[in-house]
Amino acid sequence: LSLPLSPRNSYGTGWREVRRSLPIFPYREDLLAAINEHQILVIEGETGSGKTTQIPQYLLEDGYTNGGMKIGCTQPRRVAAMSVAARVAQEMGVKLGNEVGYSIRFEDCTSERTVLKYMTDGMLLREFLTEPDLASYSVIIIDEAHERTLHTDILFGLIKDIARFRSDLKVLVASATLDTERFSCFFDEAPVFRIPGRRFPVDIFYTKAPEADYLEACVVSVLQIHVTQAPGDVLVFLTGQEEIEACCEMLQERCRRLGSKIAELLVLPIYANLPSDMQAKIFNPTPPGARKVVVATNIAETSLTIDGIIYVIDPGFCKQKSYNARTGMESLIVTPCSRASANQRAGRAGRVAAGKCFRLYTAWAFKHEMEETTVPEIQRTNLGNVVLLLKSLGINDLIHFDFMDPPPHETLVLALEQLYALGALNHMGELTKVQTSLSWFYSTRNYCSEEVLTIAAMLSVNNSIFYRPKDKVVHADNARMNFVVPGGDHLVLLNVYTQSGYSTQWCYENFIQFRSMRRARDVRDQLEGLMDRIEVEVVSSQGDSLPIRKAVTAGYFYHTARLSKGGYKTVKHQQTVYVHPNSSLFEEQPRWLIYHELVFTTKEFMRQVIEIESGWLLEVAPHYYKSKELEDSSSKKMPRKQGKTKEELG
Ligand code: CDP
Ligand code: MG
């Protein structure tokens, strides 16, 4: 590697000085010695101490990439993988994608030359399929281990296994100051290397009474801080894109109204779907005299460190996946975060100086209403995909897989059952060739694989296709109405894709998110490649929507809902659910629906629904439904109408 000696950064100093100022730097030699001595090492350090950006560089400098070996570092979040790789490339003065790269789903920014590879934990899992012993890596860093995502948990088991026969592989498990003893215990008492943090005191304030509207409370708190408190940037934790956009708009609107009465307030959002150039903005230093407020998802809890934060506003919520193993239903729900999360959030205020954290909940709620720690994702998710992946790696005995925290037995059994029902597993529990959703195969029998491909791709980015800025709601909704076609949301998405020009201009005019469309195209290309590999022909239904709706039914027959008083009921579990107000079928309310997913916001909503006929269910899933369950109430005798019939009148 030949690197320019001292690249310059926006602070005007060399990166060398910046790197040397990080808390991890004094421990560089000790750390390298410990890594040399032990195969598996747990590394604990305060967020921002330099674990993610520095350790891979130290390893590179120490020769771990000699002979073309790679150092892999996993991140639970796409945004973190991208932004950290970009930062490290900058520090090293190389072009991103050359020596330093990242790999996230549908986006591979690496090359032959890449030796430091940041990637999502899910991508490393996939690499096991092509390289089961990870032979091209000399070091694997499982970073942000405390997040305990589903993929990270699976990696733990797989990597512990390969470390036994690959004695040359170094495994580093890096985590914020949480749970490190448990990691050590799981990895056969691996030693824990602690990087002492530099942390300033953080004063914590609670509200006296619960807040009715935490969004409004956030906005008010930001403005209060801005007007009354000493200089220093503000970090606000919200649960998702919609909330964050709303909050940013409210803040900007109020600042506009206050005009020159207040100092400049820079409002910057950060969430996973934000375009990367916008994401990068949060790291720009705040100009003198102004104040920066970053409105973030819990990505800013530990994955990203923003310098200069003195004030944290924490409403105490996060969006969490939850899974009901009895009904097989997965939903994304806004729930109170854990005390561990709340403490991490507060910690963000004390990195550069003494800080303040404003918790928008009561001290009582903190003590009594929040869980101690977040439940690992593996215990609250559908395991279907993981089971498929492990099975394709030849791991058949899932009950005895080395899980750090095993998933509930019933969840595992349900996943196996569902895969069996879909035809992906045979009665021996072995993989059949049908690894992808059955709808592909059904669709080809019915000559609409072309359309089904598009729909699957669009569904994979479904919640971010339509752009609906607050100040142009009417225009946006009109634009959306123009895409509506009969039959349901899947067909609307198909219509958007078919009509879409490949230009940003077209997307802009039609209130479609360009980035999402581009992603949908990438996904579609990938799926098309897959169909090609399994030799399934891509054919079109030539405008006929019936086979398409049947194909969706074949793939998602277990997501059926039937109209009942006031709403819908799921067929198998009789759960009450509603059509999402954004759906094209919101007013129509057809008798039978297939939904793509359930989300719980104010009610249990079905997102992306398509109209079907109950008879199709018996056709595509005779093993799953009995005709009695599908009896249409409309075909039963209708109550007699008032008045007399012709015959009676005689
Ligand atoms: O992984 P850990 O939380 O220990 O720290 P890190 O992500 O390596 O961050 C070390 C330093 O790099 C922090 O002071 C961050 O502010 C800075 N950094 C940055 O400015 N921009 C990034 N994209 C990533 C890190
Ligand atoms: Mg980190």
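## Model and conventions

In this predicted model, local features need pLDDT of at least 70 and side-chain atom pairs count only at pLDDT 80 or more, while totals for chains, interfaces and linings use all residues. Residues are numbered from 1 along each chain as its sequence is written, and chains are lettered from A and ligands numbered from 1 in the order in which they are written.

## Overall fold

The protein has 24 helices and 21 strands (DSSP runs numbered from the N terminus: H or I of at least four residues, E of at least two). Its radius of gyration is 27 Å, close to the 26 Å of the globule rule for 650 residues, so the protein is as compact as a globular protein of that length. That radius is taken over C-alpha atoms, and the rule is 2.2 Å times the number of residues to the power 0.38.

Along the principal axes, the C-alpha atoms fill a box of roughly 100 × 65 × 50 Å.

## Ligand 1 shell

Around ligand 1 there are 16 residues (near means a C-beta atom, placed from the backbone, within 6 Å). Lys51, Thr52, Thr53, Arg87 and Thr305 come nearest.

Helices α3 (51-61) and α4 (78-92) each supply at least two shell residues. The largest share, four residues, comes from α3. Domain 1 (13-195) and domain 2 (202-375) each give at least three residues to the shell; the bounds come from an automatic or database domain assignment.

By class, the shell holds three nonpolar, 10 polar and three charged residues. Nonpolar covers Ala, Val, Leu, Ile, Met, Phe, Trp, Tyr, Cys and Pro; charged covers Asp, Glu, Lys and Arg; the others, Gly among them, are polar.
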